[in-house]
Amino acid sequence: MFCRNQQSRLTVARGSALEMEIRRGRCRLSVLADCPQEPEMQRKLERELRLREGALKLLGACSRPEQALEAAKGLLLCNARVLAYMAELQRRKEAQVLRRTARRPSDAGPMDERLPCRGTVCISDLRIPLMWKDTEYFRNKGELHRCAVFCLLQLGAEIHDTPMVLVDRTLTDICFESPVLFSEAGPDFELKVELYSAGLAGGGTQGSTPRKLATRLSTSLGRSSGKRVRAAMDGGPGSPPGNGGTGPLLLPAPNVPGPKFHLLAHAVLSLAEVQDGFRTHDLAIASSEESSCWVPLYGSMCCRLAAQPRCMATPVSTGFLRLQQGSEAQGGTRLYCVLRGTNLLCYRGLDEAEAGLEPALTIAINKETRIRSTEREGRGQPHGMAVTNRYGGEEVTHTLVAESRAEAQRWMEAFWQHFYDMSQWKQCCEELMRIEVPPPRRPPAMLPRQGSLYHEMALPGPAVPPPACEGLLLQDNAVSAEIRALLSTYYSDR
């Protein structure tokens with residue numbers, strides 16, 4: 001499939017999942033056409049759409065609760081990534097149109113196209129406190145309510161998820177301790193934290209609750225009255241005219257069979273919340289207590305949100321400069337200088353800098369530092385710079401001379417860019433924050449067995465399954481193998 005009316009030709013493989021989505025009208029070809037880095041984004045879209053189709057098939061074939069939960073979680077993540085990729089493509093296309101418009105002579109004018117550096121954002125030690133009733137937690141009374149929960153973390157078009165946790169009244173906190181990294185964040189980032197939950201009442205799906213209620217009512221009201229009530233709730237032929245016998249009265253039938261994850265709470269974190277320590281943030285509750293996926297949240301979450309701009313972790317500029325002492329106009333000590341973070345590190349040679357030795361001189365570079373260009377006497381060309389800092393009540397100036405005018409301009413541009421990055425990243429440039437490295441993701445383990453101690457007891461049974469169950473066991477093993485293959489592919493790329 002080609003798009004001929006664009007300057008760059010777009011190719012979509014025939015019969016691919018992306019082409020099927022375009023034919024169904026769920027994806028617009030104009031969003032994909034004429035965008036920078038389109039092949040990479042197209043491959044990501046193609047992969048997520050294939051994973052989505054596989055998750056839909058597995059969700060209908062799963063027979064175990066843990067398999068169905070992982071398939072439902074994978075389906076939700078694939079949908080979120082597809083939407084995020086489409087939004088990113090639209091954003092890139094709009095930015096390209098704006099750049100073309102700015103090139104017109106009528107729009108020409110002084111424009112500051114300086115952009116801040118990117119950085120790494122890390123969220124770790126995520127904990128969400130729960131607020132159970134005293135009768136449930138201390139007295140252990142009431143129906144045992146279980147939910148499977150996980151967090152979806154999104155920053156721009158990058159989406160990550162946490163492992164799934166089984167929550168019941170024995171837990172006081174939902175803990176996701178593993179760090180999650182976002183490597184292409186800007187200072188204007190918005191990190192969305194969404195908590196999803198799926199009810200595990202009775203080990204079945206959510207859609208079985210109205211049917212159980214209808215069965216109880218029909219048996220308690222008698223045969224004739226119970227039939228009419230059950231028909232009204234199930235939407236059968238005996239339903240009243242108000243319902244018309246066309247659908248259930250309480251809950252509509254789900255589009256996809258199996259468990260469903262619902263948004264329980266969400267929060268948005270930005271640069272203002274970055275702090276090199278544990279901090280509490282507010283959660284916006286998006287569900288109600290009547291929902292089967294409800295978990296009694298306290299309304300807040302605790303986490304460590306750190307950010308590390310690249311100007312703090314990697315060298316901004318390197319090269320040789322001469323340090324002038326006093327009023328001498330010629331000569332000076334030749335030093336190899338590295339601008340990184342809040343310091344200009346000056347070494348005696350390149351070998352000392354590569355070996356990681358202590359620098360011969362360290363000049364502070366912060367928001368209070370003043371830098372001005374200097375001119376070589378008699379020529380009027382800026383060949384160096386004067387760096388002034390205040391130590392206590394005294395100002396100290398270091399004069400650094402470059403080997404050429406172009407080299408001096410390069411250093412001055414590096415300093416101005418560095419100051420701009422520090423002004424945009426704010427508190428993240430005061431000191432280098434620690435970024436934790438996440439461990440490699442592994443396929444999720446089986447959820448613990450549900451039920452009371454009676455359900456966990458090992459009962460004696462036949463060593464060989466009956467002939468009637470052999471087909472079901474073979475089908476279940478085939479589904480398990482397919483799920484393991486899909487999950488291994490899913491986590492190998494993360």
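Two strands are said to pair if DSSP finds at least two bridges between them, and helices (H or I, at least four residues) and strands (E, at least two) are DSSP runs, numbered from the N terminus. The structure discussed here is a predicted model, in which local features need pLDDT of at least 70 and side-chain atom pairs count only at pLDDT 80 or more, while totals for chains, interfaces and linings use all residues. Residues are numbered from 1 along each chain as its sequence is written, and side-chain values use heavy atoms, with hydrogens and water left out.

**The chain as a whole**

- The protein chain has 12 helices and 18 strands.
- Of its 494 residues, 41% are buried, where buried means under 20% relative accessible area, exposed means over 50%, and partly exposed lies in between (1.4 Å probe, protein chains only).
- The accessible surface of the protein chain comes to about 28300 Å², and carbon and sulfur atoms account for 52% of that surface; such areas come from the Shrake-Rupley method with a 1.4 Å probe, and for residues only the protein chains shown count as cover.
- Among the contacts in the protein chain with a separation of 6 or more, 67% are between residues 24 or more positions apart, a contact being heavy atoms within 4.5 Å.

- Strand β2 covers residues 147-155, and nine of its nine residues are buried.
- Both faces of β2 are covered, with Cys147, Val149, Cys151, Leu153 and Leu155 buried on one side, and Ala148, Phe150, Leu152 and Gln154 buried on the other.
- Strand β4 (residues 165-167) runs antiparallel to β2 and is joined to β2 by three bridges, and within this pairing Cys147 has Val167 as its bridge partner.
- Strand β7 (residues 191-199) also pairs with β2 in the antiparallel sense, over nine bridges, and here the bridge partner of Gln154 is Lys192.
- With strand β3 (residues 158-161), β2 forms an antiparallel pairing over four bridges, in which Leu153 stands opposite His160.
- The strands β2 and β3 form a hairpin with two residues between them, and Gly156 in the turn has a positive phi of about 70°.

**Strand β1 and its partners**

- Strand β1 is largely enclosed by the rest of the structure, because nine of its 11 residues are buried.
- Four bridges link β1 to strand β6 (residues 180-185) in the antiparallel sense, and Cys122 stands opposite Leu181 in that pairing.
- Strand β11 (residues 300-309) pairs with β1 over seven bridges, again in the antiparallel sense, with Thr120 having Gln308 as its bridge partner.
- Strand β5 (residues 173-176) is an antiparallel partner of β1 over four bridges, and Arg127 stands opposite Cys175 there.

**The nonpolar cores**

- In soluble globular proteins, nonpolar side chains tend to be buried together.
- A nonpolar core is a set of buried Ala, Val, Leu, Ile, Met, Phe, Trp, Tyr and Cys residues joined through side-chain atoms within 4.5 Å, and in the largest such core, which has 64 residues, Leu191 and Leu344 touch the most other members.
- Helix α10 (residues 405-425) supplies the largest share of this core, namely seven residues.
- A second, separate core has 23 residues, including Leu58, Leu59, Cys62 and Ala72.

**Two residues in their surroundings**

- Ser317 lies in strand β12 (residues 317-324), and Ser317 counts as buried because its relative accessible area is 4%.
- The side chains of Ser317 and Arg410 are joined by a polar contact of 3.0 Å; a polar contact is a pair of N or O atoms within 3.5 Å, where, within protein, one must be able to donate a hydrogen and the other to accept it, and residues adjacent in sequence count only if both atoms are side-chain atoms.
- Apart from neighbours within four places in sequence, Ser317 is in contact with Cys337, Val338, Leu339, Arg410, Trp411 and Ala414.
- Pro116 is found in the loop between α4 (65-102) and β1 (119-129), and Pro116 counts as partly exposed because its relative accessibility is 24%.
- The C-alpha atoms of Pro116 and Asp421 are separated by 5.1 Å, although the two are 305 residues apart along the chain.
- Not counting residues up to four places away in sequence, Pro116 touches Pro187, Gln417, Tyr420, Asp421 and Gln424.
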